[in-house]
Amino acid sequence: MSAAREGGCSCGEIRYRLTSDSLFTHCCHCLNCQRQTGSAFVVNLLIEADRVELLAGVPQPVDVPRDDGSAQTIFRCPTCQVAVFSRYTHPGVRFVRAGTLDDPSGVVPDVHIFTRSKLGWVTLPESAPAFEVYYDRSVLWPPASLERLEAIGAPAS
Ligand SMILES: [Zn+2]
Ligand SMILES: [Zn+2]
């Protein structure tokens with residue numbers, strides 16, 4: 001259980017623990033995520049910022065431009081520069097990069113987004129909904145996650 005909820009960077013300076021299950025899990029196929037990861041997609045665990053407990057180190061915030069002109073803040077290890085999580089519009093929500101978990105084997109995306117730029121060889125499972133761009137949280141998220149989101153003052157959709 002601890003390996004499933006704990007993670008960190010490559011050099012070990014940053015260590016974190018998620019104090020509960022995530023709200024929802026995104027697999028994003030947008031071009032920004034492809035560029036940032038150098039890979040085909042990113043898998044992000046969405047969770048309240050105060051449920052990401054830092055066990056060691058202080059991740060360094062780096063602002064990265066988004067397509068709409070706003071900025072996304074990526075938090076990186078100051079030493080090895082591995083990105084451990086990021087912040088988009090809502091300051092109370094972190095997008096934890098699932099690949100930084102010690103044991104990411106149990107992570108399954110709840111939704112696939114921005115499939116309009118999905119690489120052709122990536123085959124999506126039928127078990128998760130997929131969207132060309134984005135989706136309506138109020139339809140897809142479990143009620144308990146929507147309540148948690150409301151508790152930190154974020155809009156449901
Ligand atoms: Zn590091
Ligand atoms: Zn993306």
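Cys-30 counts as buried, because its relative accessibility is 13%; buried means under 20% relative accessible area, exposed over 50%, partly exposed in between, with a 1.4 Å probe and protein chains only. Cys-33 is buried too. So is Cys-77, at a relative accessible area of 0%.

A word on the basis. This is a predicted model, where local features need pLDDT of at least 70, side-chain atom pairs count only at pLDDT 80 or more, and totals for chains, interfaces and linings use all residues. Residues are numbered from 1 along each chain as its sequence is written, chains are lettered from A and ligands numbered from 1 in the order written, and side-chain values use heavy atoms, with hydrogens and water left out.

Now the metal. Which protein atoms are donors of the zinc ion, ligand 2? They are the SG atoms of Cys-28, Cys-30 and Cys-33, 2.1 to 2.3 Å from the zinc. Donors here are N, O and S atoms within 2.8 Å of the metal (3.2 Å for Na, K and Ca); water is not among the atoms, so sites may look incomplete. Along the chain, the spacing is C-x1-C-x2-C.

Disulfides: zero. The criterion is a pair of cysteine sulfur atoms within 2.5 Å.

On to the fold. The protein chain has four helices and ten strands. These are DSSP runs: H or I of at least four residues for helices, E of at least two for strands, numbered from the N terminus. The order is α-β-β-β-α-β-β-β-β-β-β-β-α-α.

Last, the whole chain. Its C-alpha trace spans about 35 × 35 × 35 Å along the principal axes. Buried residues make up 41% of the 157.
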